[in-house]
Amino acid sequence: MSSAPAPARATAVDMTHRQVLEALSGLLLGMFVAILSGTVVSNALPRIITELGGGQSAYTWVVTAALLATTATTPIWGKLADLTNKKVLVQIALLIYVVSSVLAGLAQDTGQLIACRVLQGVGAGGLTALAQVIMATIIAPRERGRYSGYLGAVMAVGTIGGPLIGGVIVDTSWLGWRWCFFVGVPFALAALVVLQKTLRLPVTKRKATIDWWGATLITAAVSLLLIWVSLAGDSFAWASWQTAAMVAGALLLGALAVRVEQRAAEPMIPPHLFRSRTITLATVASVAVGVGMFGASVFLSQYFQISRGQSPTMSGLMTLPMILGLLISSTVTGRLITRTGRWKRYLVAGTALLTVGFALMGTLRADTSFVLLAGYMAVIGVGLGMSMQNLVLAVQNTVGTHELGAASSVVAFFRSLGGAVGVAALGAVLAHKVNDYLVEGLTPLGIPTSRSGSGGALPDVHTLPAPVRDVVEGAYGHAAGDIFLVAAPFGLIALIAVCFIREVPLRRHTSDPVAAEIEQESTVAAGAGAAVIKTGERS
């Protein structure tokens, strides 16, 4: 009825399939780089930490540091995307990735490596957030499911290729683990060139004040929480004054962040977004999915290399069932969503499979049949493929184009937050379970043991005598099963959350505000909202 939305509609509808793919080519390549930065080290990490003289704590923090930086910076990238040139922002994120990757490859100890991983997380946060925002800018929600399938496929390729590339690099004597970080640089440079040539976006700048106080307080609260989760039970007891101080500090900083966000003219995480039931429940589900996805799966390579004595390359190959499940399910469900406009059924099915998969993986032991293990991993992969991208899609369908960046980054932020907390918490659980099982297994052999906490060095099982090797493999295998059991309830939380999300059919234009208005009104007043919804559906 109004002519104002025409520009947005042109970018979303008036582009052919080929034009959209050309526009997204560099973006998808950049997304591949972001995925590669995390996965390329997964199978190489046991070797890297061993050579740099680190322990379980360093192993956990090499992963957590990047996730923390990604988490903290995602809202900033999302807000900047609403205020300035999205294409320039993507290119800046790629440049940050290039610099940090080179520095990580030159690291001389675990402290330097962790610092470089923080910088990598900043770049990856930009690439992850901006990929979702730009897709939402140029593709209508009804068609976005199809292209989200492509994004899921790229994520799967990055997840498949990363561990395999990292494993081959570590197993190749004339390369070494440092090339795990150098290898992503050519892809990032190629993405810069492709983006410059193919990505054409309408630039909408407006004067605004960046909420730096909010960003600082959010980052500080999340950082303190993660430091506590990582150190508690090792450097100090869970029930101690340090725990009380850190938890109280994190809660205080979080409360201050909420207060600042409520008063800020341009908040990093706009509080009014959470008036929408869809956004609130999708956020809860994203946290739960993040805990399970990052927190549990990141330790699979450690399980394969220590409990099963596999090489880094073989460890990558053994995770293929999970990755193929993600690849197939994300692609198929994306096309089905585009065809029908319905998405909730896939979220429900995906989170249900995720919960079942984690529960099945809870039976994991060092001698578990690989056939069974492959089936369990495939269930998890299918669940992730059906739920991860569709949570973002559901949220984007409820907001206007001027808030796509903030809304998309909210989901990515809380998913990364859940992942960072999951890695830190489950890493601590793994370390202490391993200690318990080692004490239990080595004591009958007459070998003195001590509870060294999470700082003990990772063992090289190939150098251990047979009886000790059996105990070590069994300890790490049993502990890996335990952390999947801990992750299973988070899958259940995600399932419950998505069951209560109210499905609004996907809009055919990015400028169509009907779904957002219906969703917002439905959360303000239940009685009046129901009448508004019925009226909106008839129209």
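In this predicted model, the loop between helix H6 (110-138) and helix H7 (141-171) holds Ile139. Is Ile139 buried or exposed? Its relative accessibility is 2%, so Ile139 counts as buried, given that buried means under 20% relative accessible area. If you look for Val20, you will find its C-alpha 8.0 Å from that of Ile139, although 119 residues separate Ile139 and Val20 in sequence.

| Helix pair | Axis distance | Angle |
|---|---|---|
| H13 (residues 300-307) and H17 (residues 370-396) | within 14 Å | roughly 175° |
| H17 and H18 (residues 404-442) | 9 Å | about 150° |

Take H13 and H17 to begin with. Their axes cross at roughly 175°, and angles over 145 degrees count as roughly antiparallel, so H13 and H17 are roughly antiparallel to each other. On the H13 side, the meeting residues are Leu300, Tyr303 and Phe304, while H17 brings Phe370, Leu373 and Met377. By class, this contact of H13 with H17 has six nonpolar residues, no polar and no charged.

Now turn to H17 and H18. Which hand does the crossing of H17 and H18 have? The crossing of these two helices is right-handed. H17 contributes Met388, Leu391, Val392, Val395 and Gln396 to the contact, and H18 contributes Leu404, Ala407, Ser408, Val411 and Arg415. The contact of H17 with H18 divides into seven nonpolar, two polar and one charged residues.

Key: Residues numbered from 1 in each chain as written. Predicted model: local features only at pLDDT ≥ 70, side-chain atom pairs only at ≥ 80, totals over all residues. Heavy atoms only, no water. Axes fitted to C-alpha atoms, helices over the stretch in contact; angles between N-to-C directions. Helix = DSSP H or I, 4+ residues; strand = E, 2+ residues; numbered from the N terminus. Parallel < 35°, antiparallel > 145°, perpendicular 65-115°, else oblique. Contact = heavy atoms within 4.5 Å. Nonpolar A, V, L, I, M, F, W, Y, C, P; charged D, E, K, R; others polar. Left-handed = near helix turned anticlockwise from the far one by under 90°. Buried < 20%, exposed > 50% of the residue type's maximum accessible area, 1.4 Å probe, protein only.
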